[in-house]
Amino acid sequence: MVRILNIFKIVGMSICLTAVAAKEAIQMKALVLSTTTFDADYITHNFQSYGIPYDIINFSKANDLEGNLSLYDKNNEPKYNLIVVNGGSLAFEVNKLYISALTESQWAYLEDYEAKNGVRRVVIEEEIYEDDTEIAIENPNKWGSTIADQPLIVDDSSFTEQIFNDAGIKTTAPLDINDIYHTRVKIINPVNTKPLLYYSDKGAKGAVAAAVTTYPNGREKMHFYFGFGEWTVTSLVLNHLWLSWGTRSLYNGFRRVYFTPHIDDVFLSTELVDVKNNLEYSKYSEEFRTSKYDFEKIAKFQKDILKDMPEGSFFRSELAFNGNGMLISADYDQALEIDGERYVDIEYVKEPGTGDKRWPKANYQFSETQLNTFKKDSLFKYFANNSTAQKEFFWSSHTFSHENLDNASTSDVDNEIRLNIQVAEMLGLTDKEWWSGHAIVTPQISGLHNKDALEVFEKYGITSATGDLSREAICNMENPYLPFYTTTESSNYAGFPVIPRTPTEIYYLCSSREEDTWMFNNMYYEYYSRNLTWDEIAESEASRTLLLMLRLRHEAHQFHQANLRSYPKVGNYGESLLEDWTRAVVKAYTKYVDWPLISIKINRQAEIFIERAEREACGHQSRLIMEDDKIVSIEVSASTGDCTVPITVPSGVKESSLPEGATVEQIGHDPLTVWVPLKKGDTQTIELSPAVSWKVDLSSIQKPIVIATTTTTTTKKTTTTKKTTTTKKTTTTKKTTTTKKTTTTTKKTTTKTTTTKKTTTKKTTTKKTTTRRRTTKK
């Protein structure tokens, strides 16, 4: 919008009229329009993964929407910079006809809003309109279908390539809409409408599956003629595509894939499965402890794998160690023999001031003999004050003896925490950048319902603990990008953050592909009705993990010390279970995207989750500032608390405009992100360099085209009802259904229990339960 400022100066008889371009503002928030007929979770979860604010309206046929959508605030400022429509015309079935939730005038009001303010629209499961002069059905006698094997082909134009490149998505990505209802369309007006995706017909381009249209009034729309669902990789990938295009890669959020393996039980030994005798545990079970050579091989692998990861990647494992393992290895008689078994329910809430006392005494102190015994251990000799070896890994505490802390007394927890910190000091870790002293991985993810344990953690500067995605009781079920904070109900202690972690199908009692394959089939044979090969297991794990990565989930991945065992290289396989798993995941991941994979230490991981929680609570708002149809700056404010807000931009910013404390980050091919620190009540502005084009040049668009909608009546919005199945409709006279299949991201609950002399591990799944042991001392 350009305002005319009249400045009258009387110089003789002359009057000068000067035009000055005024700045406009658009709030940075998305609006999602859906109906109770459709599941919009895949859309809202996509915004959630970036941390982008959004509003959602779920229309129902029970009531009418009076007036127009609320698209402007009280100051007549546009409230939304992106519109997402879930399901074509937002229609309901009434008397065997489909009636739109919006009237023609309400749709026209929305279109006028988009055109005036340069706001793009994305439509999922778009419909075909009889008088549409841009798109038409390919075959009027066949409105749609669901096919078990339906690949997609990415258009090979520079236009489409740019859209994919902006999102960091590969045009060679193996996309498909298998088992999803879809409509085949053709483009009528190739000047205004450009193809994005095609259906593959035996490897050749078939009908159009998705397109981008620029209308005569400057309005822009990306439309997909098939359903989405977050159970499919393709839908998750395309979610990122439309978000990048819809925001012009300019949004108040950030995209990052964190990829960190956590290695538990370091320095302990493990009794492995007995594959030869077809037993989980027997008197013939091998006892294995990771060696210096194993750690050296893992360090080398961590460097080698970078060649297969996207540019800017950084890969490093976190070693969560138990100091007692070094005493056990060096001199068994000097080790502590602590019962580590869990004798209470996994979600047991302990009464404060009570609990087991399994240690010989409170405030246990190492003897001089024990201190000297540490120095005899081969791994102590290797890692102690050896920065060259230490820096190849992140380091954190897993407690001293691996005692379960669910029912532990204050004195026992104090011994477990204090003595392992002392071991870290002896190793020369605590003053190094790779050490995490403010976070902990507790044995069997225990002690999180124990107030006494949480208070001991804080006594020693531990301000967060690792959780487990397979246990809902210690996960934030409303927003997985936030910590679970303990409550008085959950733990008799409120506000302690628990950071989620995902279990894998690489089991703690396995050190080879053969052992892990045996264990997997022992657990899941009834589920699959057959034995799977290692390749099938690795592919399944890669697929499961890829879904998490594409959701931008920031959890670490759980492994154990036996998984680091080095074995001879055969063919294309790796030299450890950790390597084989990682390579399978990276191979799947790099087929689709070019985003760097970043490992972070457990301290930083906790900070990221906690900082996200602060953003959710600080009332932050962002506004695009536009001048001459270009975004020149972004204004960021916080109304209810302190936080740091990420602003992602497609190009650059003026460094001189950055507020004090702001940082600029760009890794690999990821977009540039500015982190803007805010105090409650602050407003800060960052200037873009160059400015970002926002509105369309109307001179490049073909003559006006009238586009009708299928609207005949009105309905009122509701935000309380959602369905979990997706239905598909085409026009006002046809109806079809998209079949949704459901999956879960976590197959099992991982727990471990410890007995005197040996540690017993129990893994529970929805399919089968298995019990095994791991050695702490014998």
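A residue is called buried here when its relative accessible area is under 20%, exposed when it is over 50%, and partly exposed in between, with a 1.4 Å probe and protein chains only. The model is predicted, so local features need pLDDT of at least 70 and side-chain atom pairs count only at pLDDT 80 or more, while totals for chains, interfaces and linings use all residues. Residues are numbered from 1 along each chain as its sequence is written, and side-chain values use heavy atoms, with hydrogens and water left out.

Helices (H or I, at least four residues) and strands (E, at least two) are DSSP runs numbered from the N terminus. Helix α15, residues 577-589, is mostly covered, with 11 of its 13 residues buried; among them are Leu-577, Trp-581, Val-585 and Tyr-589, and Asp-580 is also one of the buried residues. The expected span of a helix is 1.5 Å times one less than its number of residues, and for the 13 residues of α15 this gives 18 Å, which agrees with the 18 Å between its end C-alpha atoms.

Asp-580 leads from this helix to another part of the chain. A salt bridge is a side-chain nitrogen of Lys or Arg within 4 Å of a carboxyl oxygen of Asp or Glu, and the side chains of Asp-580 and Arg-513 meet in one at 2.8 Å, N to O. Because Asp-580 lies in helix α15 and Arg-513 in helix α13 (residues 513-528), the pair ties together parts that are 67 residues apart in sequence. Both Asp-580 and Arg-513 are buried.

By the same rule the count comes to 44 salt bridges. One of them joins the side chains of Glu-114 and Arg-219 at 3.5 Å, N to O, linking helix α2 (residues 104-117) with the loop between β12 (204-214) and β13 (220-224), distant parts of the chain that are 105 residues apart. Glu-114 and Arg-219 are both buried, and they belong to a network of salt bridges that also includes Glu-111 and Arg-121. In a further salt bridge, Glu-536 and Arg-530 meet at 2.8 Å, N to O; here Glu-536 counts as partly exposed because its relative accessibility is 27%, and Arg-530 counts as partly exposed at 40%.

A disulfide is taken to be a pair of cysteine sulfur atoms within 2.5 Å, and a search of the whole structure finds one. Cys-618 and Cys-643 form this disulfide, with their sulfur atoms 2.1 Å apart, and the torsion about the S-S bond is about 55 degrees, so the disulfide is right-handed. Cys-618 sits in the loop between α16 (602-617) and β27, whereas Cys-643 sits in strand β29, 25 residues apart, and both cysteines are buried.

Strand β29, residues 643-649, is largely enclosed by the rest of the structure, because six of its seven residues are buried. Two strands pair if DSSP finds at least two bridges between them; seven bridges join β29 to strand β31 (residues 672-678), and the two run antiparallel, with Val-649 standing opposite Leu-672 in β31.

Strand β27 takes part in an open sheet of four strands, which has the order β1-β27-β28-β32 and antiparallel pairing. The edge strands, β1 (24-27) and β32 (683-693), each pair on one side only. Within the sheet, eight bridges join β27 (residues 620-627) to β28 (residues 630-638), and Leu-624 stands opposite Ile-634 in β28.
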